[in-house]
2 protein chains.
Amino acid sequence: METDAIVLRDDLRPGDAAAIRAIVRSSGFFHDHEIDVAVELVEDRLSRGPASDYRFLLADAGGRTVGYTCYGEIACTVGSYDLYWIAVHEEWRGRGLGCRLLAETERRIAAAGGRRVYVETSSRPQYEPTRRFYERCGYTVAATLADFYASGDGKVIFCKGVGA
Amino acid sequence: METDAIVLRDDLRPGDAAAIRAIVRSSGFFHDHEIDVAVELVEDRLSRGPASDYRFLLADAGGRTVGYTCYGEIACTVGSYDLYWIAVHEEWRGRGLGCRLLAETERRIAAAGGRRVYVETSSRPQYEPTRRFYERCGYTVAATLADFYASGDGKVIFCKGVGA
């Protein structure tokens with residue numbers, strides 16, 4: 001299937017917790033406790049509704065959810081958003097779905113009055129494709145915090161201006 | 001009273017929510033919605049106990065709570081801690097209580113296996129005394145994110161290594 005067979009939606013449904021766990025797990029990139037965090041954010045949104053700090057954009061293909069973003073305005077800021085998660089099921093990688101999800105997420109953030117989108121990732125070599133993905137999508141490195149995640153595993157903070 | 005009349009404690013009690021609101025408000029530094037965030041972290045700890053991500057260190061003087069820190073290990077890191085809040089009641093400012101609270105907090109973080117403490121503040125001129133306080137306490141600027149909090153209001157990230 002091509003990505004034009006994809007349907008994007010903002011509303012989160014109870015079955016999405018399991019779908020998002022499968023998507024995040026399929027990447028092979030995340031530890032179990034990180035996968036748990038991804039699912040906790042889904043559950044926060046499902047239980048608290050719009051009062052939750054977390055917004056979602058999901059990509060469905062043929063009735064199956066195959067990618068998503070999770071984002072939200074950062075507390076105590078005016079218009080700064082964090083992209084908490086972006087993941088595409090392994091079977092759907094390499095077809096531009098991540099770029100499309102990210103661009104649509106930025107469009108929603110700008111429409112809500114957002115000014116900037118931040119995304120954080122690891123400085124480890126394993127994450128070089130991730131860092132290149134953000135650069136291709138117009139993000140630049142705003143800061144690097146050495147040894148943040150662990151000794152030898154720094155945090156790279158990317159930023160992109162959106163909106164007016 | 002001198003700061004040697006201060007008693008420090010780690011256990012949080014129900015009455016501390018009101019005390020911490022008064023301390024944070026007395027500084028005149030924080031917006032109402034920021035004060036609400038400070039109190040929400042107290043309530044999270046009170047309701048969830050040790051399962052909460054937030055740890056507290058409180059300073060009592062003559063039965064009254066006059067300063068505190070709120071800190072915790074950052075999710076998905078090994079040994080990186082955030083200092084979420086440090087505040088001393090206006091009537092107790094300028095007597096070294098903030099330094100003492102921060103040093104004792106770092107000692108607890110190191111004892112728990114922590115490697116680094118991060119603290120974030122604003123780049124605005126109003127916060128120059130705050131930034132100088134962290135520098136006096138051995139923190140250095142790890143990064144600055146322009147326009148993070150709002151246009152013209154950047155975030156300065158300080159860091160200090162603690163422990164072995």
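Reply: Let's start at A:Asp147, which counts as partly exposed because 19 C-beta neighbours lie inside 10 Å. The cut-offs go like this: with C-beta atoms placed from the backbone, a residue is buried if 20 or more other C-beta atoms lie within 10 Å of its own, exposed if 12 or fewer do, and partly exposed in between. Keep in mind that this is a predicted model: local features need a pLDDT of at least 70 and side-chain atom pairs count only at pLDDT 80 or more, while totals for chains, interfaces and linings use all residues. As for labels, residues are numbered from 1 along each chain as its sequence is written, and chains are lettered from A and ligands numbered from 1 in the order in which they are written.

Back to our residue. A:Asp147 has a phi of about 60°, a positive value, although it is not a glycine. Strands here are DSSP runs of E with at least two residues, helices are runs of H or I with at least four, and both are numbered from the N terminus.

So what does S6 belong to? In chain A, 7 strands form an open sheet, in the order S1-S2-S3-S4-S5-S7-S6, with mixed pairing. Two strands pair if DSSP finds at least two bridges between them. S6 of chain A and strand S1 (6-9) stand at the edges with a single partner strand each, so one side of each has no neighbour in the sheet. From one strand to the next, the twist averages 25°. Angles like this run from 0 to 180 degrees between N-to-C directions, using lines fitted to C-alpha atoms (for helices, over the stretch in contact).

Further into that sheet, strand S4 (residues 80-88) and strand S5 (residues 116-122) of chain A pair in the parallel sense over 3 bridges. For instance, A:Asp82 has A:Tyr118 in S5(A) as its bridge partner. Helix H1 (residues 16-26) of chain A lies across strand S2 (55-61), strand S3 (64-73) and S4, and runs at about 95° to S3(A). One residue of that helix H1 is A:Ala19. A:Ala19 is partly exposed, with 19 other C-beta atoms within 10 Å. A:Ala19 and A:Thr65 are 46 residues apart in sequence, yet 6.3 Å apart in space, C-alpha to C-alpha.

Zoom out to the whole of chain A and you'll find 4 helices and 7 strands. Starting at the N terminus, the elements run β-α-α-β-β-β-α-β-α-β-β. The radius of gyration of chain A is 15 Å, close to the 15 Å that the globule rule gives for 164 residues, so chain A is as compact as a globular protein of that length. (That radius is taken over C-alpha atoms, and the rule is 2.2 Å times the number of residues to the power 0.38.) Buried residues make up 31% of the 164 residues in chain A.

Contact means that the C-beta atoms of two residues, placed from the backbone, lie within 7 Å.

How do the two copies relate? A rotation of 180° with 0.0 Å of shift along its axis superposes chain A on chain B, with an RMSD of 0.0 Å. The two copies are therefore related as by a two-fold rotation axis. In chain A, the C-alpha nearest the axis is that of A:Ala143, 2.9 Å from it. The same surface serves both copies, since 100% of the contact residues of chain A recur in chain B.

Conventions:
Least-squares fit on C-alpha atoms with pLDDT ≥ 70 in both.
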